[in-house]
Amino acid sequence: MTTFVLVPGFWLGAWAWHPVTDALRANGHTVYPLSLTGLGERAHLVTPETDLDTHVTDLVNLLRYEDLTDAVLVGHSYAGLVVTGAAD
């Protein structure tokens with residue numbers, strides 16, 4: 001099966017992926033929905049320094065600490081920049 005990392009766009013959190021996450025898991029896939037620093041339920045962590053580099057680091061750290069080496073990265077809206085940066 002496939003491992004998916006789902007990254008929401010601005011003003012959203014991992015919760016925005018619940019229907020997709022449920023469907024993918026029901027079909028046997030592994031799914032990691034990610035909330036970026038300063039967005040969604042992590043809004044309280046925003047600082048003036050929070051930027052694209054912060055969000056790329058969020059995703060790279062998830063990949064590193066979960067030891068994900070062959071995952072499909074899915075980014076909605078702004079998160080397309082995040083997943084592109086992390087893939088690079």
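This is a predicted model: local features need pLDDT of at least 70, side-chain atom pairs count only at pLDDT 80 or more; totals for chains, interfaces and linings use all residues.
**Entry 1: how α2 and α3 pack**

I started with two helices, α2 (residues 52-65) and α3 (residues 79-87). A helix pair gets described by the angle between the axes and the distance between them, so I looked up both. For α2 and α3 the angle is about 60 degrees, and the axes sit 9 Å apart. I also noted the handedness: α2 crosses α3 in a right-handed way.

Which residues make the contact? On the α2 side I listed L52, H55, V56, L59 and V60. On the α3 side I listed L81, V82, V83, G85 and A86. Sorted by kind, the contact residues come out as eight nonpolar, two polar and no charged.

Next I stayed with α3 and asked which of its residues are buried. They are A79, V82, V83 and A86. They span an arc of only 90 degrees around the axis, so they lie on the same side of α3. I jotted down a reminder here: an α-helix has 3.6 residues a turn, so residues three or four places apart point the same way.

What lies over that buried side? The cover includes β1 (3-7), α2 and β3 (71-75). On the face turned away from the buried side I found the exposed residues L81 and T84.

**Entry 2: S35**

Then I moved to the loop between β2 (30-33) and α2, where S35 lies. Buried or exposed? S35 has 6% relative accessibility, under the 20% cut-off, so it counts as buried.

I checked what S35 touches, skipping neighbours within four places in sequence, and got G13, A14, E41 and R42. Two of these came up again when I looked at polar pairs. The S35 side chain reaches the backbone nitrogen of A14 at 2.7 Å. S35 and E41 are joined side chain to side chain by a polar contact of 2.5 Å. I also looked up S35 against L62, which is 27 residues apart from it along the chain: their C-alpha atoms are separated by 11 Å.

**Entry 3: T37**

Last, I looked at T37, which also lies in the loop between β2 and α2. Its relative accessibility is 12%, so T37 counts as buried. Leaving out residues up to four places away in sequence, T37 touches R42, L45, T50, T54, H55 and D58.

Terms used
Residues are numbered from 1 along each chain as its sequence is written. Side-chain values use heavy atoms; hydrogens and water are left out. Axes are lines fitted to C-alpha atoms, for helices over the stretch in contact, and angles run from 0 to 180 degrees between N-to-C directions. Helices (H or I, at least four residues) and strands (E, at least two) are DSSP runs, numbered from the N terminus. A crossing is left-handed if the near helix is turned anticlockwise from the far one by less than a right angle, and right-handed if clockwise. Contact means heavy atoms within 4.5 Å. Ala, Val, Leu, Ile, Met, Phe, Trp, Tyr, Cys and Pro count as nonpolar, Asp, Glu, Lys and Arg as charged, and the others, Gly among them, as polar. Buried means under 20% relative accessible area, exposed over 50%, partly exposed in between (1.4 Å probe, protein chains only). The arc is that of the directions from the helix axis to the C-beta atoms. A polar contact is a pair of N or O atoms within 3.5 Å; within protein, one must be able to donate a hydrogen and the other to accept it, and residues adjacent in sequence count only if both atoms are side-chain atoms.
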